[in-house]
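This report looks at a model with the interface between its chains, its charged pairs and its annotated spans in view. Please read it beside the sequence and the coordinates.

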Amino acid sequence: MIEIQGLTKEYDGRRVVDALSFEVRPGVVTGFLGPNGAGKSTTMRLVLGLDRPTAGQALVNGRPYAQLTEPLRQVGALLDAHALHGGRTAQGHLRWLAASNGLPARRVGEVLAQVGLADVAGRRIRGFSLGMRQRLGVAAALLGDPPVLLLDEPVNGLDPEGIRWIRTLLRELATEGRAVLVSSHLMTEMALTADHLVVIGRGRLLADAATSEFIDRHGRTRVRVRAVDAAKLAALLGGPGHGLDAVEAEGGAWEVTGAEPERIAALAAANGVVLYEIAVQQDSLEEAFMRMTADSVEYRAEAAA
Amino acid sequence: MSAVPQAFRAERIKLTTLRSLWVTPLLSVLLTVGATAAVGAALGDKDRNLTDDPGVGVFYGLNFGQAAMVAFGVLLIGQEFNTRMIDVSRTAVPRLGRLYGAKLALAALIGLGAGAVGTAGAYAGYAATVPADWHGPAFARAATAGVLYPAFLVVFCLGVTALFGNLTAAMGLLTPTVFLLSPLLGGVPGLREVFQFLPDRAGQYALHYADDPHLVYGHWTGLAIMALWTALAAYGGLRAMQRRTK
């Protein structure tokens, strides 16, 4: 598992990661969410010992990464699918990695088959699509059969089939008891893949909760209504005095936020408005996320201006 | 298997799995031997000697061969910086000293190998084409320098590249320095007093049989000066990489 404790990172006085604390537990896919520049990649680099924290620490299986012997047997990481030399073959790239941690050479063929690259094992990486590079990066992460996996935006550049593949793979890896941390900006994808979410913005922890709990807490419930007489509905909901937060949607429908459907139905009945649609809609993870990180986004827009 | 041989084995496989990398030392040997033999064959009969100094004649080809050795030293670590593969290497071998040490060891070994084969080949090529006596008392020293010079050069270039953390910058500094500045200005009075201390100038003096009155140091000292540069560059490269780990 990964334990992040008070992790802080400053670059030239600018705080990129700010007193971050969370855990990545075994048997669970933990989604790591945040707007671009929130500090996700920096956090992952700190976990892997590629950068030094200004304060706090990140422990992998109880120890700092730099102290692990044969680290690929304990943590598999995919940071940047482009960080390889295009002149090597897929097989060649994995062979040196395997040798660096004393892993048996047969693992190279095994992981290439596992990610579906067995047919192109002997081809130079230069000719690989981004999706193939991502698969190769995942193969590299799996090489040491590690109990902890750390993947930065692994679905980038994957086609729909590839996305489904990685979703299934991540779920399987977690089912096998591994701790899986996966960052993404694709919320809908995370909603399907992650059991747990860690959300950061401006380097700070915004949420650390089960995915369903996160949506419940931060996602709003809206009631969508449609009436036989659209004008009457508009007059009712558009007018003052009912105390509801209602906005007109397309096609004469209205959306009411923060009210029970019973109350809306009663209000309509009392005013002689006949409703033919009344539906409760839950915010998607994306909407919950957008609202939650709105502050950080605004901050960045200001900073850029 | 313990961590140090593992790191070295990984570096060895990195070398053998990348053609643009492993061809450079081969090319260096080919140029070192080939250029000496070709010039010897072209001039040997007519002019008897390309130069009065058998060392200059034997190692004529090294002027070309060293270009490939510079490229080898720069590429060995520079291509990892420029592709950012260095991050992958560092997650595989988190101890920077171990990773860098394995690279240095491989560079030195390949340099020595290329030096040995190149020197033997250059002597054979020279002896076959130029009817001059290359045996002289300086033979042992020049031959030793012929083996060590490429090894020092490769490690020096690797160190400088690590210092910059950038392939292009290292190539941009080393290529004009070694191939233009040092040989052209090394002979200009007023400048040679300084330029004679450049690593390649100093190291090449040990390849010569004759004494050069313009140099303030001896043949062996020249090789030692180059060794010092090499050690400094290797150490500086490590420190720079440690410092860049922010």
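## Charged pairs within chain A

At 24% relative accessibility, A:E70 counts as partly exposed, and its salt-bridge partner is A:R73, with 2.5 Å between the closest N and O atoms. A:R73 is likewise partly exposed, at a relative accessible area of 35%. These values, like the others in this report, come from a predicted model.

A second pair in chain A joins A:D18 to A:R15, whose closest N and O atoms lie 3.0 Å apart. Here A:D18 is buried, with a relative accessible area of 16%, whereas A:R15 counts as partly exposed at 42%.

## A buried pair in chain B

The side chains of B:K103 and B:E11 meet in a salt bridge with an N to O distance of 2.7 Å. B:K103 lies in helix α6 (residues 96–129) of chain B and B:E11 in helix α1 of chain B, so the pair ties together parts that are 92 residues apart in sequence. B:K103 is buried, at a relative accessible area of 2%, and B:E11 is buried as well, at 3%.

Over all chains the structure holds 23 salt bridges.

## The interface between the chains

Chain B brings 26 residues into contact with 30 residues of chain A, and the area buried between the two chains is about 2600 Å², of which carbon and sulfur atoms give 56%. On the chain B side, B:Q6, B:T91 and B:K246 lose the most area to chain A, together accounting for 21% of what that side buries.

Between the chains there are two salt bridges and nine residue pairs in polar contact, counted with both residues at pLDDT 80 or more. The elements giving two or more residues to the side of chain B that touches chain A are α1 (3–16), α2 (19–47), α4 (62–83) and α5 (85–92) of chain B, and α5(B) gives the most, with seven residues. That side divides into nine nonpolar, nine polar and eight charged residues. A salt bridge between the chains links A:R45 with B:D87, their closest N and O atoms being 2.7 Å apart.

## Annotated spans of chain B

In an unreviewed UniProt entry, the annotation "transmembrane region" covers several stretches of chain B, including residues 56–78 and 217–238. In the model, residues 56–78 of chain B are 87% helix and 0% strand, with end C-alpha atoms 31 Å apart, while residues 217–238 of chain B are 91% helix and 0% strand, with end C-alpha atoms 29 Å apart.

How values were computed. Residues are numbered from 1 along each chain as its sequence is written. Chains are lettered from A and ligands numbered from 1 in the order in which they are written. This is a predicted model: local features need pLDDT of at least 70, side-chain atom pairs count only at pLDDT 80 or more; totals for chains, interfaces and linings use all residues. Side-chain values use heavy atoms; hydrogens and water are left out. Contact means heavy atoms within 4.5 Å. Buried area is the accessible area (1.4 Å probe) that two parts lose on being put together, summed over both. A salt bridge is a side-chain nitrogen of Lys or Arg within 4 Å of a carboxyl oxygen of Asp or Glu. A polar contact is a pair of N or O atoms within 3.5 Å; within protein, one must be able to donate a hydrogen and the other to accept it, and residues adjacent in sequence count only if both atoms are side-chain atoms. Helices (H or I, at least four residues) and strands (E, at least two) are DSSP runs, numbered from the N terminus. Ala, Val, Leu, Ile, Met, Phe, Trp, Tyr, Cys and Pro count as nonpolar, Asp, Glu, Lys and Arg as charged, and the others, Gly among them, as polar. UniProt positions are given in the numbering used here, feature names are shortened, and annotations may be inferred rather than shown by experiment. Buried means under 20% relative accessible area, exposed over 50%, partly exposed in between (1.4 Å probe, protein chains only).
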